[in-house]
Amino acid sequence: MSQKATGNLLIRGGHVIDPAARIDAPMDILLRDGRVADIAPPNQLRDSVSESFDARELIVSPGFIDLHVHLREPGQSYKETIASGTSAAAAGGFTSVCCMPNTLPVVDSPEWVTWLQQRDRGAMVNVFPIAAATLASKGAVLTDFRALQRAGAVAVSDDGKPILNDAIMRETLRLASEINLPVIQHAEDTRATEHCSMNEGPTSFRLGLRGMSASAESSIVERDIRLAQQFTGARLHVAHLSTAESLKEVRRGKRNKVRVTCEVTPHHFTLLDEHVRDYNTNFKMNPPLRSAADREAILVALADGTVDAIATDHAPHALHEKVVEFERAMFGITGLETALALAITHLHREQKIPLFRIVELFTAGPSRVVNLKGRGTLVKGSHADVTIFDPKCRWRFEVAKSRSKSHNSPFDAWQLTGKVVATIVAGRIVYRLV
Amino acid sequence: MIVVNLQVSPKDTINTIPPATANIPRGSLLGTETISSAEILSLLKIAARMNPRKIRPLLRDKRVLLLFYEPSTRTRSSFEIAAKSLGAMTTLVLSSGSSVEKGESLLDTVYTLRAVGADVLVIRHPYAGAPLLAASHLDIPVINAGDGMHEHPSQALLDAYTIMRHRKTLDGLHLTIVGDIYHSRVARSAIHLFSKFGAKITLCGPPEFLPEVAATLAKGLHLTRSLEDALRGAEAVMVLRVQKERLAGKKLSLQDYVAKYQITIERLKLAKRDALLMHPGPIVRGLELTSEVADCPQSAIVEEVRNGVPVRMAILARALGKAK
């Protein structure tokens, strides 16, 4: 297979699902010069110089976009690097990832935003930086949104250190609204969650662990929507939403025409707080795994369109940060390589959510949230970012074979359905199942 | 072993989460939740035959390592005396003044203690689940001497032992627990233990110390905010310590707590006439109970401490397979 950027590639015989273009049909796609040159019903495209990719029995979709990953550079390359993280992304079918700024130092300047996108970083897929909303994410002084956007930031967020101060959050939304920049909030009232390591409920009580209440999340979601309402054009995106209460707030906001969007992680639609069981630190993340009722509400919202995107919150950590007492362990799990399979296994096969909707949650949905022009769709002229997957393939995830530098996944040895077969970025195959 | 099935259907997507308790060394005692009622009775029977005043070298040449990450008076001294009464050698390692202060991880510390020759490890730790973490990485039994807010199984066992001395059986005991249950590992261990014998357990305290969720810990728990209700008909009253600093920033003031929940001689009269007054210690006279109550004839507070030694002798003997 030729891997020249300028090479042509004809993807033949596949079933195309492109929710942005309302396509759900057998189609062939011709990629040329990093763009979709043509898309047409089977056997109509002719291109003598093309390499071809046999996609029979497979789903051909716009390249997946992950709104929430931690690539750990700069500063924590022992956990992950842009090269290793994007390699895992490619294996998981993601052609674009938005990386969070809570690095060392925090990505709060145009220089760091530029640095993240430099070729030397060795990224295998597109990297779209999310910049800090406040200097060093300290929640006090706003960063230069215009300069950050010009350098390539697709959103601002103080992920992990939510903006609690009302005035600062209002100012963030106001300034961002002037330049159509989304504000991503990790909704957590950290004043109410000090020393907490999991969800508040019967399991936390039994284990003797301090629990985070659902309202510590929803109260911030409610406040942010209220503030966003004050500025025409303000765009608020709720990161890794995890509770039924927060979903109510988002629904109300959408009904009131506030530009609020939200994402949900695969672990929140798959697991429950009770799975923490014996202090397994691979089930410790923030927001924490929630109750069965919260998961129910999330499943409904994924199906009915309230949720805009599935995002992994891929959060790699080294062994020494996880094989410790539960309360001392770092929050977070890896997730790039299991996201699609968990969605197909639990949302499609179990909950009967159509593949069309699932693909939308990985493509058109996230693309709209951060305004990625020409991505998240396969219409003629768009970027040649394509994900090809087998929705029926059964496989076993083995974390030891993960491409991520870290192995903190709760899904080791899980039997899953749905496998990425090839990932194509700008017309080049960057991952192919062997 | 209980295995959680994440998926009910379809059948081909069943994934299970392996429990950490699968490979715990025999003889470990991590909590009363995970030990059977038969094992509890057997431990209490062994304890009844132990005499701390007469050295029985059941554990001669054995090394008992006491690893204490938190201050402790009774648990620590009682484990040490229990071990020595069985002829074992003991070494005490405190987090202060050890490599723990230099940033060594819990696992590295316990590997070290194993390497110097520990045959059994007794751990007191401020974090819930720490003894389980150690046990799942070791090949020697681990005894939980209190982990965070989680469990304190030897305390629950010595309380059961104390009650048996007065009541002959644990079956159907009417037990009332009063105080800061939320923060209490003693409460959690007692609830698990006594509910295995069909006890009628009433939990009493203000919402700050007794959230509604506490009722989910075991079957048949009864919650009440009224101390009078809780005491009526109780055969044993377990009073828990209240730490002033835990009321900081809460709606409830110390005075309110004392007014509503302090055990006084008057209030104790609501319980059965010969009801046992218990407290895991340390007690704060004038706060959760009056000085008169602490020293009244029904008070088993000192007896509990005394019983801690034979019970911990039984726990150590069982740990090393020498319980006869």
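Two strands are said to pair if DSSP finds at least two bridges between them, and strands here are DSSP runs (E, at least two residues), just as helices are runs of H or I with at least four residues, numbered from the N terminus. With that in mind, select strand β14 (residues 259-264) of chain A together with β15(A), which pair in the parallel sense over two bridges; within this pair, V264(A) stands opposite I310(A) in β15(A).

Before going on, note that this is a predicted model, in which local features need pLDDT of at least 70 and side-chain atom pairs count only at pLDDT 80 or more, while totals for chains, interfaces and linings use all residues. Residues are numbered from 1 along each chain as its sequence is written, and chains are lettered from A and ligands numbered from 1 in the order in which they are written.

**The sheet of chain A**

**A buried helix**

Next select helix α1 (residues 82-91) of chain A, which is largely enclosed by the rest of the structure because nine of its 10 residues are buried (20 or more other C-beta atoms, placed from the backbone, within 10 Å of the residue's own). Among the buried residues are I82(A), S84(A) and G85(A), and the cover includes β6 (64-69), β7 (94-99), β8 (126-131), β17 and β18 of chain A. Just after this helix, G93(A) takes a positive phi of about 90°.

**The two domains of chain A**

Colour chain A by domain 1 (9-60 + 383-432) and domain 2 (63-370), with bounds that come from an automatic or database domain assignment. Their C-alpha centres lie 25 Å apart, and the contact takes 30 residues from domain 1 of chain A and 43 residues from domain 2 of chain A. On the domain 1 side, β16 (386-396), β17 and β18 (428-432) of chain A each supply at least two residues, and β17(A) gives the most, with eight residues.

**Where chain A meets chain B**

Show both chains, and 24 residues of chain A are found in contact with 27 residues of chain B. The elements giving two or more residues to the chain A side are α5 (202-207), α11 (339-350) and β17 (415-425) of chain A, with α5(A) giving the most, four residues.

**Into chain B**

Finally, select helix α1 (residues 37-49) of chain B and helix α11 (residues 301-319) of chain B, whose axes come within 8 Å and cross at roughly 115°. Here L43(B), I46(B) and A47(B) in α1(B) meet residues of α11(B) including P310(B), V311(B) and M313(B). Chain B is assigned domain 1 (18-152 + 308-319) and domain 2 (154-304), and their C-alpha centres lie 26 Å apart.

Note on methods:
Two residues are in contact if their C-beta atoms, placed from the backbone, lie within 7 Å. Axes are lines fitted to C-alpha atoms, for helices over the stretch in contact, and angles run from 0 to 180 degrees between N-to-C directions. A residue is buried if 20 or more other C-beta atoms lie within 10 Å of its own, exposed if 12 or fewer, and partly exposed in between; C-beta atoms are placed from the backbone.
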